[in-house]
Amino acid sequence: MRVSVPATSANMGPGFDTLGIALRMKNQVVIKPSKFHSVSLKGEGSNNPALKDNNMFISIFNDFYHNLSTKRRNFRFEFFNEVPMSRGLGSSSAVIVSAIASAYAIEGIELPKPKLLNLALAYENHPDNITPAVMGGFNVATVQDNEVKYIKKDMPKYLKAIVVIPNRPISTHMSRKTLPYKYSKDDAVFNLSHASLLTAAFMTENWEMLRIASQDKFHQKYRMKQMPELFEVQKTSLKAGSLMSTLSGSGSTFFSISHADDCRKIEKELKAKFPHFRVFVSDFDNYGVRVDK
């Protein structure tokens with residue numbers, strides 16, 4: 001059995017803890033019956049032996065598997081990770097979603113995506129990453145009475161993502177500590193209006209509105225000060241022709257969107273200016289979590 005979950009970029013500027021989008025890079029796990037419990041890890045995180053022993057996926061999988069099954073079987077877990085850890089691309093959400101989906105699938109129990117999404121909420125209490133990880137596409141989401149309420153929009157093939165991954169992380173926990181305890185009414189209205197406009201731009205495919213609508217006053221400038229080069233990444237991306245360019249989650253990755261015709265030029269300019277950062281073009285993922293038996 002193979003389970004795959006896409007990388008996700010959250011916040012998207014003004015949509016703090018609310019907006020998220022799925023990318024065509026993913027973490028996969030293959031699960032096989034085995035005489036003994038065993039774990040193999042390739043790709044991101046493979047140079048960290050501790051992940052084999054202290055593995056969040058295994059912990060969450062066992063929580064659900066032991067509740068769903070009266071059997072006690074051993075499995076071999078083979079992880080193939082494309083999503084970088086601690087870089088603002090939803091690696092934790094990918095682990096949570098894939099672990100829950102795997103436990104249900106191994107028992108042959110149908111798990112509708114909305115139910116999976118709400119189960120994942122117990123492990124990650126804001127929906128901006130877990131929603132696109134489950135559903136794919138662009139999502140606007142909120143939590144009401146412990147349930148995720150969301151609206152999804154499929155992304156067209158003529159748009160591409162340009163991803164810039166710096167050579168060091170920004171801690172999500174530390175990053176949140178840099179944020180103000182209070183915001184002015186003007187800043188709150190600014191973000192409310194821009195997040196609304198950004199959502200409307202995606203839903204109506206008014207792509208030329210993205211640059212204005214993706215501006216933010218809640219979190220980006222505070223987080224980017226931890227890695228000042230990110231201000232230049234954003235400036236370079238927009239100047240080269242990106243439709244929008246925002247901090248991905250809490251960072252350190254930067255996420256941009258462009259027309260397909262422009263993406264390679266933007267990628268080239270970013271690579272030239274930031275040779276020590278990883279820069280690449282990605283398609284969007286409109287499917288979300290996938291289980292193949």
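Predicted model: local features only at pLDDT ≥ 70, side-chain atom pairs only at ≥ 80, totals over all residues.
User: With which residue does the side chain of Glu44 meet in a salt bridge?

Analyst: A salt bridge needs a side-chain nitrogen of Lys or Arg within 4 Å of a carboxyl oxygen of Asp or Glu. The partner of Glu44 is Arg278, with an N to O distance of 3.7 Å. Arg278 belongs to strand β10, and Glu44 to the loop between β3 (38-43) and α1 (50-53), so that the bridge links parts of the chain 234 residues apart. Helices (H or I, at least four residues) and strands (E, at least two) are DSSP runs numbered from the N terminus. Arg278 is also partly exposed, at 40% relative accessibility.

User: How many salt bridges does a search of the whole structure find?

Analyst: The search returns 14. Among them is Lys26 with Asp285, whose closest N and O atoms lie 3.8 Å apart. Since Lys26 is in strand β2 (residues 19-34) and Asp285 in the loop between β10 (278-282) and β11 (290-292), this pair ties together parts 259 residues apart in sequence. Asp285 is buried, at 4% relative accessibility. Another bridge joins Glu229 and Arg168, at 2.9 Å from N to O.

User: Which residues have the most contacts inside the largest nonpolar core?

Analyst: A nonpolar core is a set of buried Ala, Val, Leu, Ile, Met, Phe, Trp, Tyr and Cys residues joined through side-chain atoms within 4.5 Å. The largest one has 40 residues, and those with the most contacts inside it are Ile31, Phe57, Phe61, Phe77 and Ile100. Elements that contribute two or more residues include β1 (2-10), β2, α2 (56-68), β4 (74-81) and α3 (91-106). The greatest contribution comes from α3, with 11 residues. A second, separate core of 26 residues includes Leu23, Trp207, Ala213 and Ile257.

User: Which residues does Phe77 touch?

Analyst: Contact means heavy atoms within 4.5 Å. Leaving aside residues up to four places away in sequence, Phe77 touches several residues, including Val29, Val30, Ile31, Val39, Phe57, Ile58 and Phe61.

User: How many aromatic pairs does the structure hold?

Analyst: Rings of Phe, Tyr and Trp (its six-membered ring) pair if their centres lie within 6.5 Å; planes under 30 degrees apart are stacked, over 60 edge-to-face, and the rest tilted. The structure holds 16 such pairs. Tyr65 and Phe75 form an edge-to-face pair, because their ring centres are 5.4 Å apart and their planes meet at 85°. Tyr65 is in helix α2 and Phe75 in strand β4, so the pair ties together parts 10 residues apart in sequence. Tyr65 and Phe75 are both buried. Phe202 and Trp207 are likewise edge-to-face, with centres 5.6 Å apart and planes at 80°. Phe202 is buried at 0%, and Trp207 is buried at 5%. Ring pairs also link Phe57, Phe61, Tyr65, Phe75, Phe77 and Phe79 into a cluster.

User: Over the face of which residue does Lys113 lie?

Analyst: A charge sits over a ring if NZ of Lys or CZ of Arg is within 6 Å of the ring centre and within 35 degrees of the ring normal. Lys113 lies over the face of Tyr287, 4.1 Å from the ring centre. Arg290 also lies over the face of Tyr287, at 3.9 Å from the ring centre.

Conventions. Residues numbered from 1 in each chain as written. Heavy atoms only, no water. Buried < 20%, exposed > 50% of the residue type's maximum accessible area, 1.4 Å probe, protein only.
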